Amino acid sequence: MRTRTRFSRMLVGGVTLGMALSLSACGDNGGSGSSDGKIHVLVYGDATNKVEKAVVAEFNKTSKVKAVLDTIPGATYQQKLQTIINTPQAPDVFYNWGAGSIQPFVKAGLLMPLDDFIKDDPKLKSAFLPSVFNAAAVDGKAYGIPMRGTQPVLLFSNDKVLKNAGTQAPKTWDELLDSVKKLKKSGVTPIALGGGDQWPTLMWFEYLYDRIAGPDVLKKAVGGDKDAWASPDSKAALNKLKELVDTGAFGTNYDSVKYTDGGSPALVARGKAGFELMGSWYYSQQQENAKEFAEKDLGYNSFPTIDGGKGDPADIVGNTNNYYSVMKKTKHPEAVAKFLKLMYSDKFIKQQLAIGNLPTTTNTEKFLDTAADPKYAHYQFDLVKKAPSFQLSWDQAYPQSASEQMHQAVQQFFNGSLDVDGFIKAMQALPTS
Amino acid sequence: MTTQLTRAAAPAKDSGRRSGRARGVRSADVGRPGFAWAVPATIFFVLFAILPLLAVAVLSFMSWGGIGDPEWVGLDNWNRVFDDPVMIKSIWLTLLLTVLGVVLQTPLSILIGVWAAGTQRNRAVISAVYFVPLLLSSTAVSVLWRALLDPNFGIPSEATWLFGDGNLFGEQSTAIGVLAFVSTWQFTPLHSLIYQGAARAIPQVLYQAAEIDGAGRVRQFFSITLPQLRNSVITSMILMVVGGLTTFETVLILTQGGPGTDTTISAYYMYQKAFKSFDFGAGAVIALLLVVAATIISLIVVRLSGYDKMRSTMEGVS
Amino acid sequence: MRRRPNYLAGVAAVAWLIIVALPLYVMLAATVQSKGDYAKGSPLSWPEHFTFENYSGAFDEGFGQFFVNTLIVTVAVVGIVVVLVPPLAYAVVRSRSRVASGVFRLFLLGLAIPAQAVIVPMFYLISEAGLYDNLIGVILPTAAFCLPISTLILSGAMRDIGHELFEAMAVDGASPRRMFLQLVLPLSKGGISTIVVFSALQAWNGFLFPLVLTQSDSTKVITLGLYNFQTEHGINVPGTLAAVFMSMVPILLVYLFARRALVQGLMGVGGK
């Protein structure tokens, strides 16, 4: 009896261990990369995911190799991706912003050039607007298929708040300053800013630079010309931006507020702020999280013009698109190729439009009227079509390794710890390759 | 608790009985486990804790960005880290938060623990409520307080007469205050429990004797209760110090090291360096420093208190 | 025995009660309001309309799977600790071998190793072993880091077993194995339940290892699910707090039904 006590204890312990191990081994074969007979599609976690989920469900209806959608919350997306991309468990297909965001992966030989897929199905390239498609090409080879939409940055507003303050959406810079004054008086934060994420702050720089100095400054800087940052135009843009910050337009706690967790949009939706400068995905964000507000009081306009600026007032900045890139070592390239085909299918285009995104396929125009808000869809489409220049977000134009420094520099300029010269120096120190 | 009894007793008991044993084998060795009993646990621990620790030491001399292979760079990381003002700041911040934690939590836990050790029934009910924060993970506690202290929609924003613009995360002083408060909120129950258990074990005899001698309540507290809690204070402090050095979730969720780098404690800085800037070499240096610091502190506390000799607080009592 | 009630301590106790209970109240109140209602009122107000949509929303986000994963991790970690630590503590307490006391010193030092310090090489090790994004990859390191303090606690408990008892068994010619099974284990029940409680809590509430070593939804544990939820929907306070509350429900249930064991277990950490 005594020996049995010992035996049974060991047995129970061992069985528990064994059970747990086997349960975990077979109960969670998700994520073990392509070795589980599925393809893993990794995307940025936000309100657009429902369309991506629908696409995956559609794909799984007819494909033997199933697709699984994994998401990472936006705030930690790039960092997590970088961590896992070199592990055996990297996804097969992943979301990115093209250009600088995939450059290091291409360099490390991790990505599959998509030219073979395109040879088999030329529409994978021809269905998309060339300028957009080429943003994901590196060294002449195609590495990404556009999968969300084009995302110009617009100035959104809570029109009810604006009306209460006796102002409206500004067309010029001076009108903006005037609106800010009136909004402050009416007791709200004039401009909501998700400073905690840092990249929303960057958008202000992008537009100021484009309006005052034109798109060339950044083009030169990314190309390696560091003097571009010290040019008089660059300084003028920074000074003008400082003017705006100093009026208290952004409130006092913006660095503790984030966009990615819904903080700054909530300020606008709940009537505590008047404006927010954000990518066009703002529309679907608000639709998802503050339906009533989105339907009644959400306003959108292009960024104000600035007198005497070199940039064309019709220029826009933002993300030319988001792309799916493919890992070279994927075990199911044929399934992946089939999946990618869905990116230009009519159904997918319509689903995107329904949540406020603007796909960049050549046939988008004819579906614009099926959009959730056809006015918004037409507005965006015309804006993008007519824009002489579409500046890519700086943190995507520069290589990934420059992101952290760039974000810190813009944050520090806004909070005063860096002055104009300090900012210029910081930008000049960014790596360009 | 080892006493001197055994050694005296053993020879007397065994001398006549061990006929079959070989001479020279101490009878007290009979029936003792060999070190083989310790082997499985040791192997496991070495594999999953010691080995990675050694790997950290090696990694601190290499440069690795997550993609590709690590390359040897000698003392380069070490120099960079020691020259880094943010690193120096993080050390000072870590110390500050740890000391704050000890200073806030120890008296509070002792008071509550001793109070809860009393046998009145309502104390048991209230103690049950105190216990709840302990059931939450650090993550859950931090998420809870982040929601409650949101700069625009949380409690402070409603009480601007007390909290200014409602943004407790915008200034270093208030941000540190929040971190210290949240840690206290979560861990005081644990330490109170330790003290409660220890206080219950204090023999009433001691208090009775003191009363006879005319000692008042306060005197009894300082002369009897506190000294008897000595071992618990040591345990509690070790836990607090090591806990302070490894506070991570609270910083990650509440302040992300901000504003700027004003609450970037060393453990968080290490995470930032490794998983955000992808400078794993520098991260390894910081990690190693953390381990060394924790080890030294633990050793000092243990030595000073004689804990490893496990002295009993019951000496001379019965 | 006590005559005059201790007013100072009583006041402190009540004050602390408020500090502890108020956030819990806010949490519960928020979780039963809809997003819109919560936004309209203040965090402290009593809810007007009650709804359970936040809880169902949390399940939609995958909390069911997270529960299962966390349970698997917890059971496995406790299993490992219970199998490895008693023999170790027995050796530490009873063995005359120098190796054994060296091993004890090793584990004492191990107490000082913060888990953060080893996450980078752990990440490298685990992913090379092909265990990235696999619960086993989380279980093994978590269990390893529970070992030092469990050893400390259990050896402390075993030390209390009087030498006379061992002597008596030795007189009967008992082998170490018999002593272990018939004497040590039964008398260490308190210590063992302490380490079970401790390791279970560590495993259930563990965050760092899952954060760094897992990726997909199918291997997420509750703490990570909570973090992700907050990162993406932080402004949805009712939803977030519902998730927080759900993360503590299992432990709360254990607490309600096995309060004594849980509390005794944690008190035992003090090592008397």
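This is a predicted model: local features need pLDDT of at least 70, side-chain atom pairs count only at pLDDT 80 or more; totals for chains, interfaces and linings use all residues.
**Domains of chain C**

Chain C splits into two domains: domain 1 covers residues 7–51, and domain 2 covers residues 54–268. Between the C-alpha centres of domain 1 of chain C and domain 2 of chain C there are 32 Å. The two domains touch through eight residues of domain 1 of chain C and nine residues of domain 2 of chain C.

On the side of domain 1 of chain C that touches domain 2 of chain C, α1 (7–31) and α2 (35–40) of chain C each supply at least two residues. The largest share comes from α1(C), with four residues. By class, this side of domain 1 of chain C has four nonpolar, three polar and one charged residues.

**Helices α4 and α7 of chain C**

Two packed helices are described by the angle between their axes and the distance between the axes. Helix α4 (residues 63–94) of chain C packs against helix α7 (residues 135–159) of chain C at an angle of about 40 degrees, and their axes are 7 Å apart. Because of this angle, α4(C) is oblique to α7(C). The crossing in which α4(C) passes α7(C) is right-handed. The residues of this contact between α4(C) and α7(C) comprise 22 nonpolar, five polar and one charged.

The table sets out the residue classes of the two contacts.

| Contact | Nonpolar | Polar | Charged |
|---|---|---|---|
| α4(C) with α7(C) | 22 residues | five residues | one residue |
| Side of domain 1 of chain C that touches domain 2 of chain C | four residues | three residues | one residue |

Definitions and conventions:
Residues are numbered from 1 along each chain as its sequence is written. Chains are lettered from A and ligands numbered from 1 in the order in which they are written. Axes are lines fitted to C-alpha atoms, for helices over the stretch in contact, and angles run from 0 to 180 degrees between N-to-C directions. Angles under 35 degrees count as roughly parallel, over 145 as roughly antiparallel, 65 to 115 as roughly perpendicular and the rest as oblique. A crossing is left-handed if the near helix is turned anticlockwise from the far one by less than a right angle, and right-handed if clockwise. Ala, Val, Leu, Ile, Met, Phe, Trp, Tyr, Cys and Pro count as nonpolar, Asp, Glu, Lys and Arg as charged, and the others, Gly among them, as polar. Domain bounds come from an automatic or database domain assignment. Two residues are in contact if their C-beta atoms, placed from the backbone, lie within 7 Å.
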